[in-house]
Amino acid sequence: MTPPSSAHSSRSVAARIGRWSTRHRTTAIVGWLAFVLVALVIGSAVGTVNPSNDDGGHGDSAKADRILNAAYPDRASETVLVQARGHGTTTARDPRFRAAVDDVVRGVSGKPGVVEVASPYAKGNGGQISADGRSALVSLKINGDSTLTAKRVDAVEQAVQDAATRHPSLFVGQFGDASADKALSASFGKDFQQAGLLSVPVTLIILVLTFGALIAAGVPLLLGVTAVVGTIGLLGPISHLFALDEFINEIVLLVGLAVGVDYSLFYLRREREEKARGHAPRDAVAIAAATSGRAVLISGVTVMVAMAGMMFAGDATFTALGIGAILVVFVAMIGSVTVIPALLSGSGKWLERGRVPFLGKRMAAARSRDIDSGGRVWNAVLDRVLRRPVVAAVLAAGLLLVMALPVLHMHTADSGTDALPRDLAVMKVYDKMQSAFPGGEIPAEVVIKAKDVTSPRITAAVKQLEADAIATGRVKAPVDVSVSADKTVLSASLPIAGTGTDAASNDALAVLRDDVVPKFAERAQTKAYVTGMTAGSKDFNDLMKSRWPIVFGFVLSLAFVLLLLTFRSVVIPLKAIVLNLLSVGAAYGVLTWVFQDGHGESLLGFESTGSVTSWLPMFLFVILFGLSMDYHVFILSRIREAFDRGMKTEDAVAYGIRTTAGTVTSAAIVMVAVFGIFATLSYLDFKMMGVGLATAILIDATIVRAVLLPATMKLLGDWNWYLPRWLEWLPSVGHHELAPAPAPAPARIPEPAHREPEPVFP
């Protein structure tokens with residue numbers, strides 16, 4: 001009979017929670033399921049509050065948007081394009097062309113909520129006919145908020161479609177706020193549904209290949225899925241305190257599935273390993289709780305600290321994503337240290353049910369044979385790395401630096417309409433409009449607020465604004481001027497050059513903000529603001545550049561402190577930060593090379609915008625730093641555990657990496673597969689996110705953890721554990737209890753090589 005393990009007497013939080021869960025199996029399991037169900041019911045009952053128009057934006061563009069939102073009633077702008085097909089001679093002067101335009105005007109007029117229908121043939125609307133005379137625009141407004149206009153636009157779209165059917169010789173199509181939002185929401189919803197449906201079976205297949213049994217594979221997946229569902233439920237009531245971005249569920253799915261599977265794997269692999277060593281099932285669970293459970297808690301706190309960095313981005317969307325990411329990591333962490341021990345308690349034989357023929361027996365035999373070896377591939381790599389650590393470290397670091405080189409010319413910008421899928425009908429109409437009326441759908445808007453914007457002084461200033469703007473050569477006619485009903489707000493729409501976020505558009509914005517608009521404000525004797533897609537993108541980009549030192553500093557400094565307290569070393573956290581920055585830098589480089597430089601266009605099915613979307617670098621850093629710390633803490637915990645049992649540092653490094661190799665590989669494959677699914681979506685920003693995340697995790701789990709980490713730890717030797725004497729007062733959050741003693745093991749398990757007395761560091 002196996003004697004009790006020291007894990008039974010462990011006083012760590014994880015060990016105490018594990019003991020409670022094994023003694024109260026039913027309470028732990030039913031309690032977890034009840035929590036998920038109650039959270040889901042409450043979340044569904046209260047609903048989720050999304051940000052209003054006033055919650056977003058930064059800088060001058062945000063000020064202008066708030067003025068416009070307050071001055072104008074809720075409404076959506078829509079435009080119908082009537083265009084001659086092919087290269088014929090048909091123009092807007094032809095009777096059949098005019099008949100089509102009149103048909104559109106009659107069809108949309110009188111529809112619920114439709115107001116201000118403007119025909120291109122009406123007096124003063126000459127600007128709605130293109131310069132070549134082959135295209136014309138019918139503009140209209142639909143009253144109501146976003147929910148109401150989404151319903152009302154159906155009737156307008158049907159009227160436009162009917163007109164197109166009656167005039168097949170002409171192209172008739174619609175684009176606008178409500179129609180585009182409706183089409184894009186449907187497209188994104190389809191994409192996200194596809195990602196969600198694919199991620200679960202892909203994860204299950206990988207886990208089945210890992211464990212060789214369906215039940216064992218289902219445990220990590222079950223924890224990940226229930227953590228995601230419970231978190232989404234909790235976000236409902238939270239959104240009534242902090243409005244949450246509509247894409248938060250997708251981020252919760254990404255992060256929750258990743259950490260949920262990771263944490264479960266940590267537990268399951270350790271428990272199986274200890275049973276293979278000869279420990280009784282209850283002892284194996286106790287050891288897993290005291291070791292892997294502790295690693296899960298440390299890793300979870302570190303990941304949450306990293307995610308908290310998003311709170312310092314100064315943007316409501318980042319704050320919302322930070323809340324969602326922190327919450328799902330917390331929920332998954334709590335579930336892993338309570339439910340998993342409860343499920344594993346008892347004999348644990350039920351986990352072997354549903355064995356895959358041939359695969360299940362082979363996996364069981366491999367576990368018994370390779371308790372400490374880590375498998376052939378990892379052994380081959382590790383042996384060579386430890387034999388020549390200098391060469392391995394130089395080559396690996398050099399490779400990562402080469403991969404990071406494209407970062408030197410990274411250009412960030414809001415991808416705007418260029419990121420949207422071009423196969424959508426509304427985007428095809430948009431592209432035709434942009435070709436016929438450059439800048440018309442993405443103008444810069446100059447906004448002022450005064451007691452009477454129709455006064456002679458302001459009227460004269462507006463006329464001069466139009467003349468000055470067009471004279472720059474970067475603004476095209478016509479300039480559309482709109483005045484609020486109470487005559488206190490005026491908006492001038494200036495069609496600018498470019499696509500909205502390219503160099504031409506940014507140059508036009510700079511000229512307006514630096515020269516044209518200040519002169520206009522001086523003449524009008526009031527403050528003037530510039531908004532629009534280009535202005536909003538520029539202001540957001542400026543915000544990200546100003547905030548990244550704060551976010552990076554917060555994440556890195558807090559991670560340093562946590563790792564310092566955990567491993568009682570200043571070298572370990574410094575090295576962890578450097579290694580993580582190398583992997584993040586390499587991921588940035590790949591992202592720039594693939595998307596900005598356009599080398600992955602044919603493979604991934606996109607057209608490069610010449611930039612990386614501005615929100616992604618900061619988001620990737622926070623997410624990647626957090627997720628990579630999972631592996632780092634897990635591996636270092638095993639290394640430190642072996643070191644505390646008496647192994648030399650070099651032997652402890654080899655032991656720790658070999659024993660965690662299978663877990664790290666399985667978890668990394670799951671993450672890469674799930675993140676890779678997002679690279680198949682139609683929205684360019686999500687393609688970038690999927691490729692960036694998958695690349696970084698792949699780099700982190702291979703080059704960093706299998707080569708750089710062991711090579712640098714061997715080179716540093718016992719200096720890995722260096723803690724200055726003036727820091728010895730620091731409290732310890734783990735790794736100072738005696739590590740679990742080995743069971744009376746079979747002879748095949750090698751005894752650890754004991755190290756010489758540690759040197760006394762200054």
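A search of the whole structure turns up 17 salt bridges. One caution before the details: this is a predicted model.

Start with Glu-116 and Lys-141. Their side chains meet in a salt bridge, 4.0 Å from N to O. Where do the two residues lie? Glu-116 is in strand 2, residues 114-118. Lys-141 is in strand 3, residues 135-143. So the pair ties together parts that are 25 residues apart in sequence. Now the accessibility of Lys-141. Its relative accessible area is 22%. Buried means under 20%, and exposed means over 50%, so Lys-141 counts as partly exposed.

Next, Arg-270 and Glu-641. They form a salt bridge too, with the closest N and O atoms 2.6 Å apart. This pair links distant parts of the chain. Arg-270 sits in helix 8, residues 248-276. Glu-641 sits in helix 20, residues 616-644. The separation is 371 residues. Are these two buried or exposed? Arg-270 is buried, and Glu-641 is buried as well.

Asp-700 is buried, and so is Arg-705.

Back to Glu-116 and Lys-141 for a moment. Salt bridges with shared partners join them and Arg-75 into one network.

Look at the four strands in the order 7-8-6-9. The sheet is open, and the pairing is antiparallel. Which strands stand at the edges? Strand 7, residues 480-483, and strand 9, residues 528-531. Each has a single partner strand, so one side of each is left without a neighbour in the sheet. From one strand to the next, the twist averages 20°.

Strand 6 covers residues 444-449, and strand 8 covers 489-494. They pair in the antiparallel sense over six bridges. To find the pairing on screen, pick Lys-449. Its bridge partner in strand 8 is Val-489.

Methods
Residues are numbered from 1 along each chain as its sequence is written. This is a predicted model: local features need pLDDT of at least 70, side-chain atom pairs count only at pLDDT 80 or more; totals for chains, interfaces and linings use all residues. Side-chain values use heavy atoms; hydrogens and water are left out. Two strands pair if DSSP finds at least two bridges between them. Axes are lines fitted to C-alpha atoms, for helices over the stretch in contact, and angles run from 0 to 180 degrees between N-to-C directions. Buried means under 20% relative accessible area, exposed over 50%, partly exposed in between (1.4 Å probe, protein chains only).
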